[in-house]
Structures are given as structure tokens and as C-alpha cells.
Amino acid sequence: MTESVFSETAAEPRTQSVPLAHLSLELGHLYMEDFEAGPERLRAHFAEVRPWAEAARAAATARAGGKRPRISTCFLIDDYFTRFSTPAEVVPMLLAEAERAGLGVDYLARESGCAVTGKVPVAEAVAARIVESPPPGSYGLRPPAAQTGWLANGERSPVARAPQAMKRAVPWQPPHETAARRHSIFLDVELWSDDADGVRTWSCPFLAAVWQLARLGLLRNEGEALLAPQPHTAAGFPDKWDELPSLLRLNDRAAPFSAYRTCSVLPTRFLPVEHAVRVILDQIEADPAALEQVTDRSGREGMTVPPSVADRISYVYYAGH
Amino acid sequence: MAPRQSTPPAVLACGEIRTCLLPARQALDIRSAAQLLGLRPGERVLLSERPGLYARSPDTLTGVDCPLPSANGARVRAVGTVTAHAALTEGRVLQTSAHCRLPGTGPDQRRPWGEYLVRPGVVEPLGKLPHEAVAQGVLGGPRHGDLDVGLIADGLLTRVLRHPLLDQRPPFRSRPTRLRWAALPAAPGEGPSLERFTLAEDELRTVRLRVPEGTSDAGIAALCDDLALHDWLLTTVVRMLDGLRLGAGAAQDADAVVRTLRPAVDHLLHLWMPGARVGRRLAALWDPLEERPGFTRQWQALVQRIRDQLTLHAIPAAHREVEPAP
Amino acid sequence: MLVFAASDKGGTGRSVTSANLAYQRALTGDHVAYVDFDFGSPTAAAVFDVPGAMRGTEERGLHSYLEGETAEPVRIDVWRQTEHPLLRARPNQSGRLVLLPGDAGGGEFATGEEALERCVDLLLKLNTEFDVTFVDLSAGRSYAVDMVLAATAHPRMSNVPFRWLVFHRWTRQHVIAASGLVHGDHGIIGGGVLSGHDEDTLRAAVRFVRAAVPDPESAVWSQGSTAQATWMQARDEALRRLAAEHRIGDSVVLGIVPLEPILQWHEQLITEEDVLSTQIANKETLDALEEIARRLTDDTHWGRL
């Protein structure tokens with residue numbers, strides 16, 4: 001644009017920045033089956049999490065050069081795939097069990113907030129930012145038929161297609177992981193499915209990727225930050241999930257929700273989901289201005305972040321489910 | 001956008017622009033333009049009303065991993081993303097523009113994909129980039145399988161043209177044009193310069209530039225979008241006048257002249273504003289083109305000719321003493 | 001305007017005649033495209049005498065375009081690239097004449113959803129650039145016919161005018177077959193309705209061209225016996241009755257192309273030079289071609305009958 005005294009707001013993009021901690025530590029996910037298994041399941045979970053949470057804090061302290069790192073903790077409840085019980089019943093029990101294990105939950109999130117928050121179709125906006133990793137030989141021609149709704153970490157087996165008359169059909173070929181070291185670990189992730197009425201259901205790994213972007217402070221809609229935490233002012237918790245804010249701050253003195261890096265402590269059953277999350281995150285172009293803000297601020301604090309977004313997330317898996 | 005700190009300085013930027021008439025009976029207003037160009041939910045369409053209606057889509061990225069075109073036959077593989085956007089001027093002229101910048105050296109092998117995505121619009125060579133030869137290769141046209149940013153501009157154009165908002169009733173026949181550009185580093189201390197503007201084939205133009213280090217490729221792309229827009233206007237109006245059989249007498253009645261030239265008045269003549277959306281330093285590159293061949297001079301002559309023709313043919317034939325001649 | 005050239009069988013001279021119509025329209029100043037959708041035997045390059053320009057189009061012709069392997073199919077500027085000495089001097093005030101060839105060596109193939117979208121993209125693009133776009137289709141009920149029927153019924157194409165020319169020879173077999181191609185159970189009309197066309201509108205956009213018709217009045221036959229002349233008159237009458245019974249009678253005929261050796265044997269464009277100087281072609285043939293070319297856009301020859 002012209003450097004001049006004249007300016008038009010609609011012609012100049014701006015991107016809101018968000019406060020950032022050093023580490024966002026996730027203490028777990030809660031699904032219906034966990035809840036149905038009773039408080040003992042949660043108790044056992046937090047007991048497993050505790051030593052690893054301490055280890056994550058120690059690692060963050062080491063990365064901060066011995067200074068006290070800013071760490072916030074969070075917990076995600078699934079209210080998207082299945083609706084169960086009520087916040088008034090679930091949340092106090094959850095917090096009590098965390099406290100019993102000596103863990104404080106700073107932020108509580110609802111999974112459906114990763115699909116739509118308020119009126120913003122968060123998941124759809126993230127899906128529009130997918131830039132597929134090009135297999136070698138990609139020179140600019142649009143791939144003939146991208147599998148809509150799926151994302152792979154390489155090239156799929158060619159689909160058998162009726163060849164032109166008097167030409168030979170191509171024999172079967174294996175799929176290939178683009179970043180393979182000699183042998184492939186090919187993964188093809190379903191991002192969403194549409195029912196007969198065209199209603200879209202986002203897949204668990206895709207929403208988990210959105211969740212990671214939120215925790216990394218990289219989620220924006222038209223430049224505005226999404227999933228801003230709401231303070232918890234009421235005495236208790238509502239009877240309907242929709243009345244609970246998508247992201248609730250339970251601890252007034254907590255470090256910011258978003259952070260330079262994330263760590264999640266989860267049972268090993270989440271391993272395939274989180275592999276899929278990496279495949280997705282590795283192919284999402286985060287908002288460039290938001291990325292720049294994170295890079296600048298982490299650099300100034302001497303806490304340089306890895307260039308690739310997928311490398312900013314980490315996991316600890318404990319045995320069990 | 002300013003170049004990212006982690007990006008090594010680019011030694012080559014290149015791109016290609018497709019320019020065509022929007023296939024719709026009515027020019028789009030600014031709200032419809034925003035709808036047409038909303039390529040990414042969650043990202044704004046840039047809208048501007050001065051000095052004319054102009055809308056630009058958010059950038060989209062396309063991943064590439066392929067050899068670079070080069071004049072000397074070197075097949076340097078490069079990996080990264082090409083940036084593309086679509087723009088609509090006065091709701092009437094549609095452009096798609098794809099471009100990328102290339103650093104002088106890169107790693108020996110491909111990085112994890114996420115590392116390319118944090119540097120949008122950078123295509124990184126594996127090893128060393130023979131940038132002069134590649135610039136020449138880009139302008140000369142890539143061989144099949146070499147990086148072809150034109151295909152990315154074309155793919156985006158196809159996508160925009162499929163939008164249901166378009167009624168596919170263009171007000172007159174016209175041809176799209178392609179403009180390919182390559183920008184190489186200027187000598188130390190030198191300002192930006194336009195080395196060559198070539199009308200290559202019927203529809204192809206090539207532009208070769210020199211720019212000082214640190215010039216943003218988005219800025220260069222904006223200059224080239226502007227050159228492409230005005231070159232398309234000239235080309236289109238020249239062809240409109242070519243289609244007239246001036247002096248053909250009664251066979252070519254006044255109706256035909258008015259029918260052929262009126263769309264120019266309705267849709268094109270008010271679009272001429274060279275340099276309006278180009279940064280000040282790069283806008284100066286218009287100067288040599290204005291001097292020779294004189295883009296604006298030619299435009300004004302065409303505009304005058306169209307007005308004269310319309311004036312002459314507005315007079316009923318019976319009162320006309322002589323047939324207008326070309 | 002889009003003009004689809006179809007024929008019931010091979011050997012009707014469909015390609016060479018429609019190429020001549022394209023040439024005639026370009027001579028009058030129209031910008032004309034000729035699209036070779038005769039996937040089984042892409043031969044338009046020979047008619048326009050541009051074999052040299054076909055070198056290297058193995059992978060960038062219409063086959064590759066529709067299969068998604070190239071984004072922009074090759075275009076051949078006929079005036080500039082033809083090897084025909086008379087065509088190379090592009091006549092003053094003529095419009096562009098551009099050939100979009102199939103892949104050299106391409107074959108008939110099944111088309112899918114993606115190919116259909118690409119076909120629509122291409123036809124829309126050509127419609128913004130050219131006054132008339134001729135689309136030469138494989139003979140009979142073919143994938144090409146199905147594809148353009150679906151394309152012209154596509155919502156994006158609803159504002160693009162199109163017309164069909166069905167070529168057939170003047171024999172009993174060809175008359176019956178041409179009628180079947182259009183009016184039969186799975187014919188152009190029936191198939192078009194299945195694709196979403198309005199039956200009456202589609203029918204109003206179909207006209208027939210009788211090709212290689214011997215004219216009993218012609219000087220060529222005047223040497224024959226009286227018995228032969230009488231027999232020819234009678235056969236011609238019988239064929240006309242047959243055509244009318246099969247709903248392809250005179251009222252839906254756009255034109256008649258006389259039997260012409262230069263079209264039958266050499267499959268080339270007929271220039272004024274061929275008629276006037278070298279006299280290898282008949283004036284009647286050229287007149288017929290000029291007239292059909294003119295009638296293509298003359299609305300009095302179209303519409304419901």
C-alpha cells in the first residue's frame with residue numbers, strides 16, 4: 001500500500017495479540033465413559049498425572065534458565081461427541097479429585113468450543129488454513145482429486161481409474177509417507193464427516209488440533225483472538241453445558257492460558273489421536289501475524305520456540321486407559 | 001508483510017498474474033466483491049474505496065516440491081509454499097496473482113513440512129540457487145514438471161470463476177492475459193529498476209526487475225499486479241477498436257460501432273490509474289514505461305478515439321457529410 | 001455461442017464440415033474456437049493442416065486437460081500455425097481461429113464428476129473469449145456427448161447459449177440412425193432431459209445437416225441416362241418422406257452439403273481459391289457452407305417447430 005497520510009481501516013489488516021505463559025500443562029480430558037466409571041477413575045487418573053506434571057514443571061524451569069516459569073494448567077471436557085450429566089455435577093467433582101491429588105486446574109474448557117465459539121465457526125476457519133504437504137513432484141498443478149475431509153502424511157495409493165481405451169490400467173502401488181526414513185508410517189486422518197442433512201461433525205483429532213492452536217495462542221478469526229478465557233464469577237456451575245463459557249478461568253492468579261509450548265499428560269489410549277493431531281498441525285498455516293507475535297516475545301524472553309508449530313507441543317503418556 | 005527474521009534474504013522473487021474481465025453482467029459492488037473473494041473463512045477480505053473500489057482476498061498457500069526452471073539446464077530441487085491472492089478492481093477486472101521468494105541457499109534435504117509453513121511464500125532450494133539462470137528460466141516459461149507459479153494463479157482463477165455469484169454473462173468478449181515477473185537483487189546502493197517489459201506472445205507479458213535487498217515480495221507483486229491490470233486495459237481496448245470495420249460504409253452501421261465501443265465506456269475507461277496501489281519507491285518504476293512507449297499516452301489516444309467515434313456515430317447518418325475513417 | 005457437432009455414424013464428414021463452418025465464421029470477422037472432443041480419433045489437426053503444431057501435444061491436449069493432468073490445454077492459432085499456404089495469409093478483417101486439439105495418441109475414455117467440472121470451466125472460458133465455439137463430438141452416443149449434455153445443463157452454464165448440429169449422410173441407414181441419435185430412447189433429447197435439460201428447449205436447439213448429398217439437378221449427373229435421373233428423383237423423394245417420418249424432415253434441416261470429392265477424399269478446408277482459381281471444389285459446396293455458417297446465428301432458422 002502507498003505510504004501516505006490517507007488510510008482506510010478495511011484496507012489494513014491487524015491482528016490482536018494474547019497474553020502468553022511459558023507452558024500450558026494439560027491435566028487430562030474427560031469423556032463420558034470416564035465419568036460413568038465414577039470418581040475412582042478420575043482419582044486414579046490424577047494420581048498417575050501428578051508425578052509427570054511435576055516433571056513437566058521441572059523441565060520448564062530448566063528451560064527458563066532456573067527462573068520461575070509461568071505455567072498454567074487446563075482440563076478439557078467433552079461435551080461435543082456425547083452430552084452427559086451437567087456442569088453443576090461434573091465440575092465440582094472433577095476439581096475435588098484434582099485437588100486431592102495436589103493438582104490445581106487453572107482453566108476449564110469445553111470441547112464444543114473448539115468447533116464453534118459464540119457465532120464463530122472456529123473449526124471451519126482452521127480447516128481453511130490447511131496447506132497440504134506436497135509430495136515430491138508437486139510443481140503447482142492442483143492435485144486432481146484431493147480427498148475432501150481427509151488429511152494424510154503422504155501420498156495415498158493411486159485410485160484405480162478406468163483408463164483411456166487401449167491404454168493399460170495402473171497396477172496397485174503402496175501409499176508413501178512424505179517424510180519417511182526408508183520405510184513409511186502412512187497415516188490418513190478423517191477430519192470431519194457430514195450426515196445426510198449435511199450437518200458436519202468434526203473428528204476428535206481435528207478438534208484436538210484446534211485445542212492445541214488455542215493453547216499456543218495461534219487461533220484468530222479476522223484478526224481477533226478466539227477462546228478468550230472468561231472469569232468464573234458465579235458461586236456454582238450451571239445445569240446446562242451451553243451456559244458454561246467455552247473457556248473458564250477458575251484461578252484468578254493463574255498464568256495466561258496460552259503459552260509458548262504445551263504439554264499434555266494423557267493415558268496411552270490417546271496415542272493414535274495425538275499422532276493424528278501432529279499430522280494435522282504439521283499442515284496448518286497458523287495466522288502469520290500471531291506466529292510473529294509469539295516468535296518475537298519468546299525471543300525477547302530468551303525462550304525461543306521451535307519454528308514448526310507441531311514441535312511446540314509435547315506429551316507424557318502413562319500406561320492405561 | 002515484512003520478511004520474517006528467520007528467513008534468509010531472498011535473492012530472487014518471481015510470480016505470475018492472470019488478468020481477465022469478470023464474467024458477470026453487472027460489476028460487483030464492494031459487498032459482493034467481499035463475498036466472491038472470501039477464500040478463507042476467518043480471514044478478512046481487504047476492501048479499499050480510494051482511489052477506486054478494490055478488493056483483495058486473503059493470501060492462500062500452495063505447497064510445492066519440484067525442480068526450478070532454469071536457463072542453463074540445472075535442475076535444482078526446491079520446497080516451500082507459493083502465496084496467491086485474487087483481486088477485483090472496480091468490481092470488473094479480476095486478477096489472480098501467485099508469487100514466491102527464494103533464498104540463495106537451503107538445506108541439503110527437505111525439512112519437516114511445518115517448518116516451511118511458518119515462512120509463507122518462501123520456496124527454498126536444496127543447496128545453492130543459481131538465481132540468474134532460474135530468473136531466466138522462470139521468464140522463459142517452465143518445462144513440464146518444473147515449478148510453475150502460473151498454474152497456481154490459474155488454479156485460483158478457476159476456483160474464483162466457479163463462484164455461484166457470477167452469472168457468466170460478460171458484457172463483451174475479451175481475452176485474459178498473463179504477466180510473468182522475476183525480481184533480482186539490485187547492485188549495492190542502487191534503487192529498484194525495471195529492466196525489461198516484454199510483450200512475448202498474444203497473451204503473455206514478462207517483466208524483469210532489480211530491487212534492493214529487503215524489498216518485500218508483496219510490494220513487488222502489488223507493482224506487477226498494477227502493471228498487469230493496465231496492460232490488460234490497453235490490450236483489451238486496442239482489440240475492441242481492431243474489431244471495428246471503420247470506413248466500411250453502410251455495411252458497418254452506426255449501431256455496430258456503438259455496440260462495440262460502448263462497453264469500453266461503461267466498464268473500462270474509468271479504470272486507468274497507474275501506480276495507485278503501489279508503494280512510493282516501486283511506483284517510480286512506472287516512469288520508464290510512461291516515457292517509452294508511453295502507456296498513458298497510448299491510453300489517452302485510445303480514449304479520445306473511442307469518444308470521437310461515439311460522437312460521430314451519434315449523429316444520424318443523413319446529416320453526416322463524410323464517413324468516419326480510421 | 002456454443003455449437004456441438006454430432007453424428008450418428010462415422011463417415012458423415014462431420015469433422016471436416018464443422019471445421020469448414022468454423023473457418024467460414026472466422027472469415028466474417030468472428031473469433032472462433034474449434035474444440036476437438038472426438039476422443040477416439042482426434043484428427044482435427046489434419047483438417048486445419050497444422051500437423052507440425054501437434055508435435056509435443058501428447059500430454060497437453062484435451063484428454064489430459066479433462067483428466068486433470070494439465071491446467072491449460074494447448075491452443076493452436078490456425079492462421080499462424082497452419083501449413084496450408086492459402087490460410088497462412090490471414091485474410092484482412094477475419095477473426096481469430098483457434099484449434100484446441102485432443103492429445104496426440106489419446107483414446108476414448110470414461111468421464112467423471114471432476115472432468116465435467118473442468119469441461120464446464122473450459123466451455124465458459126471459451127465463451128468469454130470467442131463469438132462461436134465449435135465442439136466436435138465423437139460419433140454416436142459417446143462419453144463426449146454425455147459430458148457436454150451434462151455440462152450445458154450445469155447451473156453455471158445456464159446463461160450460455162448453445163446449438164446442436166447433427167450430421168448425417170443421405171441414405172436410408174443414416175437417416176434412421178440420425179433420428180435415433182436425437183430422438184431415440186437414449187438419444188440426445190432423452191439423455192439431455194435426464195441431465196436436466198428442458199425437452200422443448202433442447203429440441204428447439206437441434207438442427208440437422210445432410211452431408212454428401214448428390215444433387216439430381218447437378219451438372220455432374222446430367223450425363224446419365226433419363227432412367228437414372230428419374231430413379232434418382234424418386235429415391236430422393238422417398239428419402240425425404242423417410243426423414244419426415246423420422247422427425248428429421250426439411251423443417252429441421254439447417255443445410256445440405258453436396259457430395260464433394262474434396263471433402264470426402266481430402267478432408268480439408270475449402271477456400272475461395274479452390275473454387276475460383278484451381279477449381280478443384282464446386283461453387284455449390286462453398287455456397288452451402290457459407291449459408292450454413294450464416295444460419296447458425298440466424299434465429300429464424302431455429303426454435304420450436
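This is a predicted model: local features need pLDDT of at least 70, side-chain atom pairs count only at pLDDT 80 or more; totals for chains, interfaces and linings use all residues.
**Close-up views of chain B**

View 1. Across the contact between them, 17 residues come from domain 1 of chain B and 14 residues from domain 2 of chain B, where two residues are in contact if their C-beta atoms, placed from the backbone, lie within 7 Å. Strand E9 (residues 193-199) of chain B gives the largest share, three residues, of the side of domain 1 that touches domain 2. That side of domain 1 of chain B divides into nine nonpolar, six polar and two charged residues; here Ala, Val, Leu, Ile, Met, Phe, Trp, Tyr, Cys and Pro count as nonpolar, Asp, Glu, Lys and Arg as charged, and the others, Gly among them, as polar.

Residues are numbered from 1 along each chain as its sequence is written, and chains are lettered from A and ligands numbered from 1 in the order in which they are written.

**View 2. The side of chain B that touches chain A.** Here 39 residues of chain B are in contact with 41 residues of chain A. Two or more residues each are given by strand E2 (46-48), strand E4 (60-67), strand E5 (77-89), helix H2 (113-117) and helix H4 (149-161) of chain B, and E4(B) provides the largest share, six residues. Helices (H or I, at least four residues) and strands (E, at least two) are DSSP runs, numbered from the N terminus. By class, this side of chain B holds 17 nonpolar, ten polar and twelve charged residues.

**View 3. The side of chain B that touches chain C.** This contact takes 17 residues from chain B and 14 residues from chain C, with H4(B) giving the largest share of the chain B side, five residues. The residues on that side of chain B divide into five nonpolar, five polar and seven charged.

**View 4. The fold of chain B.** Chain B contains nine helices and ten strands, and its C-alpha atoms fill a box of roughly 80 × 40 × 35 Å, taken along the principal axes. Of the 326 residues of chain B, 48% count as buried, that is, with 20 or more other C-beta atoms within 10 Å of their own, the C-beta atoms being placed from the backbone.

Note on methods
A residue is buried if 20 or more other C-beta atoms lie within 10 Å of its own, exposed if 12 or fewer, and partly exposed in between; C-beta atoms are placed from the backbone.
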